[in-house]
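Look over this model before reading on. The report covers its salt bridges and one of its strands.

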Amino acid sequence: MRELEGALPDFHAIIPAGGVGSRLWPLSRAEAPKFLHDLTGTGRTLLRETWERILPLTGSDRIMVVTGRAHRAAVEKQLPELTHANMVLESEPKESSAAIGLAAAILHRRDPEVIIGSFAADHVITDAERFRRAVSEAVAVARTGLITTIGITPTEPSIGFGYIHCGAPLEVEGAPHAELVDRFVEKPDLDTATQYVRSGDYLWNAGMFISRADRLLEELARTQPELHEGLVEIAAAWDTEAREDVVDAIWPMLSKIAIDYSVAEPAAEAGRLAVVRGDFPWDDVGDFSSLAKLLSGGRPGDLAILGEGARVLSDSSSGVVVSQSPRLISLIGVTDIVVVDTPDALLVTTREHAQRVKAVVDAIKSAGRNDLL
């Protein structure tokens, strides 16, 4: 393939496309998770938008997607350019350490010098150019041997995200916004988050990691040796006829742990983690309140509507309506409401209680109604 102008020749992107997005139920389901939905009204799914955002940095032959076997057909439909060699299918869901670690191990076997970057399939970034500039800086830092993340400059004291505490500036050519990471901080309360934002020393953790593949695997071997051993064994068989047999034998036995805990936090404590400040708009669309804010452009008095052919009548109402049915939805004098209407389930709540939707999903699981998940 001809190298794209602006592409980074030693860089290979990984898109983990997993998770259901249970706080977006009943829109997001096991068979149609968040990344397969158009949540921005552009006519493109979040997965497709992620692919197109990364493409200028890599070209289509250097993007790897990690997803579940059940989603293979849907991913192939969304990404017809994705090569068979770059689709990694999980036999069952695992956390991000296994997904990203396996991709890193496969790519490292193919090219021991490769630099990888992991970018979630279900996030919204509305300024692709500034995103790519930040990634280019992170790749420059990763070439020095540091594991690197991109932290988002906070726009408000959100309690929905983890935070990164920035340390000393780094002097890396091509990366003027790079700093060492002192530590990761779990989701804080509102007062603490307010202090973080005012200080200017904290960034949101957006879960983007850029590293030499060998460095990421070394960190994983230090903290999770059994997981690392299993991933390396699978990678050794990946480009052979034994692939599926080896995956079926080893994958179910691998531990579940987020890459924040297995790689990022230990690397930060050891002074091996850097961060590049990202100044682009970013949202993980973690619940319907986030979706309402995204679709309304942050105007709290607006009613956001999502759904092709949605039929909505509104009088003095605000919030968000997501419609997948032909029903007429009428709202009169309700504020910050969330209505999600699908053929087999209806959700009505408020933006204030949007985080509690996950409890509904848990109740459905306990009742054994897997047909609704």
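D214 forms a salt bridge with R212, with the closest N and O atoms 3.1 Å apart. A salt bridge here is a side-chain nitrogen of Lys or Arg within 4 Å of a carboxyl oxygen of Asp or Glu. D214 is buried at 19% relative accessible area, while R212 is partly exposed at 26%. Buried means under 20% relative accessible area, exposed over 50%, and partly exposed in between (1.4 Å probe, protein chains only).

This is a predicted model: local features need pLDDT of at least 70, side-chain atom pairs count only at pLDDT 80 or more, and totals for chains, interfaces and linings use all residues. Residues are numbered from 1 along each chain as its sequence is written, and side-chain values use heavy atoms, leaving out hydrogens and water.

The whole structure holds 24 salt bridges. Among them are these:

| Pair | Closest N and O atoms |
|---|---|
| D122 and K34 | 3.5 Å |
| R277 and E179 | 2.5 Å |

R277 lies in strand 10 and E179 in strand 8, 98 residues apart. E179 is buried at 12% relative accessibility.

Now to strand 9, residues 202–212. Strands are DSSP runs of E, at least two residues long, and helices are runs of H or I, at least four, numbered from the N terminus. How many of the 11 residues in strand 9 are buried? The count is 9.

Strand 4 runs antiparallel to strand 9, joined by 4 bridges. Strand 6 also pairs with strand 9 in the antiparallel sense, over 4 bridges. Pairing requires at least two DSSP bridges between the strands. I210 stands opposite G117 and is the bridge partner of T148.
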